[in-house]
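Thanks for making the time this morning. I would like to walk through one model with you, going slowly enough that you can follow each residue on the screen.

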Amino acid sequence: MIAVENLSLAIHGEAILRDVSFAMVPGRTFGLVGESGSGKSMTALALMRLLPESARTSGAVTLDSINLLDKPEAEMCALRGNQLGMIFQEPMTALNPVQTIGNQVAETLRIHGIATHADARDVARARLDRVGLPQIALDRYPHELSGGQRQRVCIATAIALRPRLLIADEPTTALDVTTQAQILDLLRGLVEEEGMALLLITHDLAVVADMADHVAVMQAGEIVEQGPTPQVLSEQRHPYTRALFEASDHRPTRTPRPLGAPLLTASDVDRHYPGPRTGLLRRGAPVKAVDGVSLTLKTGESLGLVGESGCGKSTLTRALLGLDKVQGGEIAALGNPVSPAMPNALRAGIQVVFQDPYGSFNPRWRVDHLVADPFPLLDENPPREDRRRKVGEALLAVGLQPSDMDKYPHEFSGGQRQRIAIARALITNPKILVLDEAVSALDVRVRARILDLLADLQDRMGLSYLFISHDLTVVRAITDRVMVMQAGRIVEQGPTEQVFAAPGHEYTQALLAAAPRLPGYARPS
Amino acid sequence: MTRLPVSMILGAALSAVFLAMALLSFVWTPHDVEQLVIANRLQPASSEFPLGTDQFGRDLLSMLMVGARVSLAVALVAVSIGVVIGVPLGLAAAATRGSLLDELIMRGNDLIFAFPSLVIAILITAVFGPSAFNAIIAIGIFNIPVFARVARGGALSLWTLDYILAARVAGKGRTRISVEHILPNIVNLLIVQATIQFSLGILAEAALSYVGLSVQPPVPSWGRMLSDAQTMIYSHPMLAILPGLAIVLMVLGLNLMGDGLRDLLDPRLRRQRQ
Amino acid sequence: MLRYILGRLLSLGLSLIVASLVIFTVIEVIPGDPAAFMLGLNADEATVAALRADLGLDGSKAARYVGWISGMVQGDFGTSYTYRVPVAELVSDRLWISIPLAVLSLILSTVLAFPIGILSAANRGRGLDYGIMGGTQLGIAIPNFWFGMLLVLVFAVTLQWFSAGGFPGWNTPLAALKSLVLPSIALALPQAAILARVMRSALIETLAQDYMRTARAKGLSRRQALLRHALRNALIPVLTIIGLQFSFLLAGAIIIENVFFLPGLGRLIFQGITQRDLVVVESVTMLLVFAVILVTFLVDIAYAIADPRLRRRA
């Protein structure tokens, strides 16, 4: 039994956590859910006593009725890895790149003096087998493994000594949906078989619904509601829980409209990357990132493109935007060929919104300069006063104020920045808007509002969308037709509802089966 | 505005003192440094000679002032050479990442690293004879790959950001993006590197003039004051101590200023402070 | 790994060829007639012609270059014009001073810098760290040849523990080593200051990595995590600096030899310059550049040992 009682935490005098209390039971999963900045990761680090030095805590974290917050650092070292294990969000950087995975798993045993060198290797082997890596040799290095495999190694490291509590902080957020399902299965199995308590921290209500016996909803450093998962999710007593629940499955209202002529077409497009350099003038075999892809986007249509990371969807996007040359096939937009050399007037007609709300803007430019940046694409570059007026209108159209144009991008939140990015894309009155993971980095409630905005803009301006995402829920909410991409090829396409209801290709079926779903609780009114 | 660190103020003050000395030496020095007055040789510090004189009767303070001018000028021009040639090369390499041009620029850089400044100076001197120009070229050439690397490294991390893609969607070419978006965002890195190279340049100039590969007599320089003092070290150690101290203080001042600048300009550190 | 080494070897060979072309061009092509250059303005036609024949300058430039390189490969560095002896002979005597000096300094600076850098990083933001950083800041600012003069002033002139300069020869190994002590300290201390700072910042950067948090979550103490995980990762940038420092030490050694009157390569090359002995200058600079390129190669190999991610790449 591990209990957190009235845990409060402040860093540099600023309160991060306030009176957080919950309890975890062996063999059960406790879900901690909330948006970014709600304090869920800090709660986990407080349990492990791995907080930054400037953090001050009060309250208690009790294990066998001993308060961990009072323990000297040396005793905490003996507990970490032994009684308390933890895995983190980013498996790509969580392992030491210059040490073999066998040594990293065995280190947990050796550091606690549990096993000798040879025994530790045997145990490491057994634990790696247990987490589903029987085929991976102990002397491999992290960079030789995929993200999912690395997360399994992290899990093996954390459970090497069968800790009583395993903390998993967003363990699948950085992974693809099919890999996520496998890792969640593994964690579920470990809880059942090894009888450990699992503290699962996530932003994803569907994951919690799928995994947790108990759940606590966190907002701004406080737990606003907790209880058995089915009860919390079905009753939704707290308005914040309700808001999260609704936003997670939000579908903007879209007016159906007749589709017009094809606006953007690609036929048999190949995009190959030169292989890695193997000498001064030699290269390895080229990588086929996009392999014979054809697509058609009609006027007024919203077309989705789903696929996991590395499937080639970003590469395809760049080719469709005329940023990269293609090695085969043809792309045409608005009746003209698309290529890196295409005229500005054509570029003005096809604009884009990217994923990262923080990397999308030159930090040294003001919003008016940023939004006005694509103006030179127009035949008639409007005069200065006109420009500011148009920028103001564009900001109004995306739900910001014209007065925002004199601010710098760092003065805005992530959602507001995405609105600025949309304003920039709309400034040249494009016909086609490419949305490349445009809502993927946003919290659910912000995401829902941006989706509303996109639906509204489409209705008002008759835009056509190419909506690229790894997130099936989002694609389902905003598109009329969907294409599924795997390893550079389109494996299935059709009307969105039809594909989701009755997927034809086995890859689509696997994707849909792997995606965690929110149970269809009746919405309390 | 955040409070300036004490070390940076100290560094800026030290640098300013030497800069003032160097500038003043253009219009006025206490004594003529090219006039050898044997009668005045090896005078102790006095009101006429604040720091004393050397074995040729020259006023040490005047020599230090002119020496500061030489040091600063050589280092400044050498850093400029590095910036003017190295930065465009680095930007071009980053803009064409992985291409033959990038490869050629980087291999060329590696090659220059195989020629330490001193070796370049030796080669040039062997053929053209020693001069201040020689020192400038030798130090300047070695600065080129330094700035090319810093510029390329900084630029590469920016090229992966979405705002560069957005600029390309807005129809901008690689050159324009490099100038409009990349350069302004790596200027901090370049300023910090420039202060480092500047102080290294002063050290290198001192070393070159110590072995006679930089400015020639009668123009005094700190390095040659040291080599002149070497034979006098038993009887008049101050002759060797003072010019060395001048070098140390000036380089220390520049380094402290550079460190302070880095802390001020590094956005990561700035965010932490806020 | 073998592929990687072969790739580095290829690049080593290419660098050597280009470097030798550069040196050859500067010394033998740019001055026009090297023989006339070496003899100065007052030489008469017949003497110049004789020297030209002596140096083999009558052949084409390409033939001379090939002759020079193939000679160097076989250990024939030409004959010094002023000394009238093979350059190889002059060089081999002096190498036995310059190489031990550079190696001794490199060892000394590394041995000093590592613990200082680690101590500073482990105590980041505390008084000790500020003290060390201030000290290294001063160390960087000190020119090594001036530091050498100060050492002479204190330890030779005042305390009389060491001689002020000169080299007794390796026949008396202890005395020889003793005469290299002050010069190598003078060379090593400023370099150690730089290296310690690099070590500190590399460590601080690795300490912020995700895998350090993983290590702590396994139960390693702060100190264990630093020694077992951060150190080896921090070594990668540190190796780069060690490689670069070798060329600075080599250059510095040439100058320090002047301070301590050591008859090493530096003295040879400066005599070569003053006496316009281009044969000596050409061969010795080539030798210096070769040493730097060789060390770069060794550092590349060390990289691959320290960082498994590099081994697959050619």
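This is a predicted model: local features need pLDDT of at least 70, side-chain atom pairs count only at pLDDT 80 or more; totals for chains, interfaces and linings use all residues.

Let me begin with chain B and chain C, where the contact draws on 36 residues from chain B and 43 residues from chain C. The area buried between these two chains is about 3,600 Å², and carbon and sulfur atoms give 83% of it. Within the part that chain B buries against chain C, Ile122(B), Leu123(B) and Val127(B) supply 15%, which is more than any other three residues.

How many salt bridges are there between chain B and chain C? The count is one, and it joins the side chains of Arg197(C) and Asp259(B), with a distance of 2.8 Å from N to O. Alongside that, the count of residue pairs in polar contact between chain B and chain C is four, where both residues have pLDDT 80 or more. If you look at which elements form the side of chain B that touches chain C, at least two residues each come from α3 (100–113), α4 (117–128), α7 (174–210) and α9 (238–265) of chain B. The largest share comes from α9(B), with 11 residues, and, sorted by class, that side of chain B has 31 nonpolar, four polar and one charged residues.

Now to the interface of chain A and chain B, where 27 residues of chain A and 19 residues of chain B take part in the contact. Here the buried area is about 1,900 Å², with 56% given by carbon and sulfur atoms. Between chain A and chain B the count is again one salt bridge, in which the side chains of Asp373(A) and Lys172(B) meet at 2.3 Å, N to O. The rule also finds nine residue pairs in polar contact across this interface, both residues being at pLDDT 80 or more. On the side of chain A that touches chain B, α11 (344–349) and β16 (350–353) of chain A each supply at least two residues, and the largest share, three residues, comes from β16(A). By class, that side of chain A has 12 nonpolar, six polar and nine charged residues.

Let me turn to the cores. Which residues touch the most other members of the largest nonpolar core, a set of 181 residues? They are Phe115(B), Leu118(B), Ile182(B), Leu213(B), Trp222(B) and Phe145(C). Taking Leu213(B) as an example, and leaving aside its neighbours within four places in sequence, its contacts include Leu118(B), Ile122(B) and Pro130(B), as well as Phe270(C) and Ile273(C). There is also a second, separate core of 51 residues, which includes Leu370(A), Leu395(A), Leu512(A) and Ala515(A).

Two single residues are worth a moment. The one in chain B is Gly11(B), which lies in helix α1 (residues 6–27) of that chain. Is Gly11(B) buried or exposed? Gly11(B) counts as buried because its relative accessibility is 0%, where the cut-off for buried is under 20%. Not counting residues up to four places away in sequence, Gly11(B) touches Gly253(B), Leu256(B) and Met257(B).

With a relative accessible area of 18%, Lys71(A) is buried. The side chain of Lys71(A) makes a polar contact of 2.9 Å with the side chain of Glu75(A). Leaving aside neighbours within four places in sequence, Lys71(A) is in contact with Arg49(A), Ile66(A), Met76(A) and Leu79(A).

Lastly, chain C has 13 helices and zero strands. The C-alpha trace of chain C spans about 85 × 55 × 35 Å along its principal axes, and 50% of its 314 residues count as buried. Of the contacts in chain C with a separation of 6 or more, 73% are accounted for by residues 24 or more positions apart.

Note on methods. Residues are numbered from 1 along each chain as its sequence is written. Chains are lettered from A and ligands numbered from 1 in the order in which they are written. Side-chain values use heavy atoms; hydrogens and water are left out. Contact means heavy atoms within 4.5 Å. Buried area is the accessible area (1.4 Å probe) that two parts lose on being put together, summed over both. A salt bridge is a side-chain nitrogen of Lys or Arg within 4 Å of a carboxyl oxygen of Asp or Glu. A polar contact is a pair of N or O atoms within 3.5 Å; within protein, one must be able to donate a hydrogen and the other to accept it, and residues adjacent in sequence count only if both atoms are side-chain atoms. Helices (H or I, at least four residues) and strands (E, at least two) are DSSP runs, numbered from the N terminus. Ala, Val, Leu, Ile, Met, Phe, Trp, Tyr, Cys and Pro count as nonpolar, Asp, Glu, Lys and Arg as charged, and the others, Gly among them, as polar. Buried means under 20% relative accessible area, exposed over 50%, partly exposed in between (1.4 Å probe, protein chains only). A nonpolar core is a set of buried Ala, Val, Leu, Ile, Met, Phe, Trp, Tyr and Cys residues joined through side-chain atoms within 4.5 Å.
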